[in-house]
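Let's take a walk through this model together, with the viewer open beside the text.

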Amino acid sequence: MKLWSQFFIPTLKESPADAEIASHKLLVRAGLVRKLGGGLYTYMPLGLRALQKITQICREEIDGAGGIELWMPHVHPAELWEQGPRWAAAREIMFRADSAGDGKRAGRDPEFVLGPTHEEIITPLVKAEITSYRDLPKNFYQIATKFRNEIRPRFGLMRAREFIMMDSYSFDANDEGAIKSYHAIKAAYEKFFKRVGATAIAVEADTGVMGGSFSHEFMIPAEIGDDDVIYNEESGYAANREKATSGIVPKDLADAAPAGALEEFATPGVLTIAALEAAPYSVPGDKQFKTLVFIGDGKPFIVIIRGNDELEEAKLGSLGFTVTRAATAEEIEPVLGAKPGSLGAVKGTIKNAGALAGVFADHAIRLIGNGTTGANKDGFHVRNVNVARDLAITSFGDFRRVRPGEPDPKSGQPLKVRRGIEVGHIFKLGTKYSEKFGAVYTDDQKQSHLMVMGCYGIGISRTMQALIEQSHDADGIVWPWSVAPFQVLICLLDPKVEEAAGVAKKIATAAEAAGADVLIDDRDERPGVKFKDADLIGIPLRIVIGSKGLKDGVVELKWRTSKEVTKLPLAEAEAKIA
Ligand code: ATP
Ligand code: MG
Ligand code: MG
Ligand code: MG
């Protein structure tokens, strides 16, 4: 048990000026964190306790799925990243960590970087240590700090520059094994989120920069989330924006587009890009966006891309590729003369429009992309969702997923969109990293094969804040029992009265024996102050011990989730709590 007077919980009446969302305000007001700089936070003693509980539950679940814990360095030799498959994309968010004062390297490639994730570290390690099929499968993980130089750190721990992640990496002898490992981890994630009290849903995700063959994100539904979840309750379908838009074909998009919005129709074999002026919008701190419409063979489909930035051919090409799965970047040769802010003038052609139109024969497709320019160095993330809402989401009636060679099963269910916080992400990677680093093993016939990998991440610190976002009220945090920094708070209204302190100790001992962590508020403060703080820090069970109650032989019990106060005879209190 801890005594409040000897612990450190610096609660605040006011929220910090930079806190825009409830959970961020509460993190600071409840004394859980303090800011050092943009995206950099100290976990204060109370916050650290919650973080450690989440960490421990995560550890138990990943262990349960066969994970083996280790700890890797966070300063990485840059050459490992150069050797890996995504240096160009990843370096944008990486902090360089060269030796101080080494002027020689200024303006040149870094010698060391701080780890944003650890595929480039674990794969060479496994290559060196595992050579035989007998040592496979293996799944290594750590729960540790990650560094990402996010362009817009915000919302407290949600998007930080330094944060805690559980990252895990599976190595299997073959695809079948890799899929098994993937599902074992997915099941562990589901248990983890349930145990910490989070409502997280697994949604299909695009593999993006990571490459690999399939992927799920775990999202906690919340209005302030950075991501969109596109879902349908009846069919159980749920996907993130990138995945959904690259796989789902709305029935008739032309109907959804505002009348007169399509400026031009293309001649067969040529795609023309016209501006759809209908839906400009902005994201806080970001530039204006606009909507572009791609029209092909008289069968319109629409690609919404970032507007006010320069459009680069290659990036648009790769967007097109992602979109269609039918043409390569080389096949798609947009001829764009875009100037910032002048999208109305944009026109382009795509050489292989015939092929594209063939894929989408009778269908209009609406696709959304972003991250096509330097302004968002965070990869292909979609933030221009308001456009989607304005434009067509309500008309997503009939949909089907299009992959060449696959039948297109019709669901006929309307799709809905809601915001979500990405708290976890799992990838079946395949051999992308094992190829680059030569991670091979020999089978029982002495044949050599590439290991098949998966990688998996849970944002531990982001989850902690997402739990607060999901569970709070006007007075403060409402911690789920399993991760509450303390489960029981004993408020001593008259801490100097010896009898009261004695009763508190007895009850605390009983509660601890029953497995709860106990905090005793023994501060010399008015009851009002104590109750306000109790609600603010959100301990699940509050027990009030006052002189008056003791005279009547009772203590008061109150759950944080309820307004009801129960008077409990002293004699029963210990037994009941135990
Ligand atoms: P986001 O889309 O929010 O930028 P991400 O897709 O870049 O996240 P991953 O590389 O998939 O993140 O990392 C695994 C997990 O780490 C994420 O699901 C998220 O919970 C957490 N995470 C990623 N970036 C941050 C951050 N800047 N601050 C806190 N947690 C983060
Ligand atoms: Mg990111
Ligand atoms: Mg993401
Ligand atoms: Mg992710």
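**From the core to the ligand**

Start at Ile545, which touches Ile490, Cys491, Leu492, Leu493, Ala500, Val503, Ala504, Leu550 and Val555, leaving aside residues up to four places away in sequence. Keep in mind that this is a predicted model. Ile545 belongs to the largest nonpolar core, a set of 108 residues. Val488, Ile490, Ile539 and Ile545 are the residues with the most contacts inside that core. There is also a second, separate core of 6 residues, with Trp81, Ala90, Met94 and Val113 among them.

Now turn to ligand 1. Which residues are the closest to ligand 1? Of the 18 residues that surround it, they are Phe163, His425, Gly457, Gly459 and Arg462. E19 supplies the largest share, 4 residues. Sorted by class, the shell has 7 charged, 7 polar and 4 nonpolar residues.

Two packed helices are described by the angle and the distance between their axes. Here the axes of H2 and H13 come within 10 Å and cross at roughly 115°, and the crossing is right-handed. On the H2 side, the contact is made by Ala50, Leu51, Ile54, Thr55 and Cys58, while H13 brings Ile460, Ser461, Thr463 and Met464. By class, this contact has 6 nonpolar and 3 polar residues, with no charged ones.

Definitions and conventions. Residues numbered from 1 in each chain as written. Chains lettered and ligands numbered in written order. Predicted model: local features only at pLDDT ≥ 70, side-chain atom pairs only at ≥ 80, totals over all residues. Near = placed C-beta within 6 Å. Helix = DSSP H or I, 4+ residues; strand = E, 2+ residues; numbered from the N terminus. Nonpolar A, V, L, I, M, F, W, Y, C, P; charged D, E, K, R; others polar. Core = buried A, V, L, I, M, F, W, Y, C linked by C-beta atoms within 7 Å. Buried ≥ 20, exposed ≤ 12 C-beta atoms within 10 Å, placed from the backbone. Contact = placed C-beta atoms within 7 Å. Axes fitted to C-alpha atoms, helices over the stretch in contact; angles between N-to-C directions. Left-handed = near helix turned anticlockwise from the far one by under 90°.
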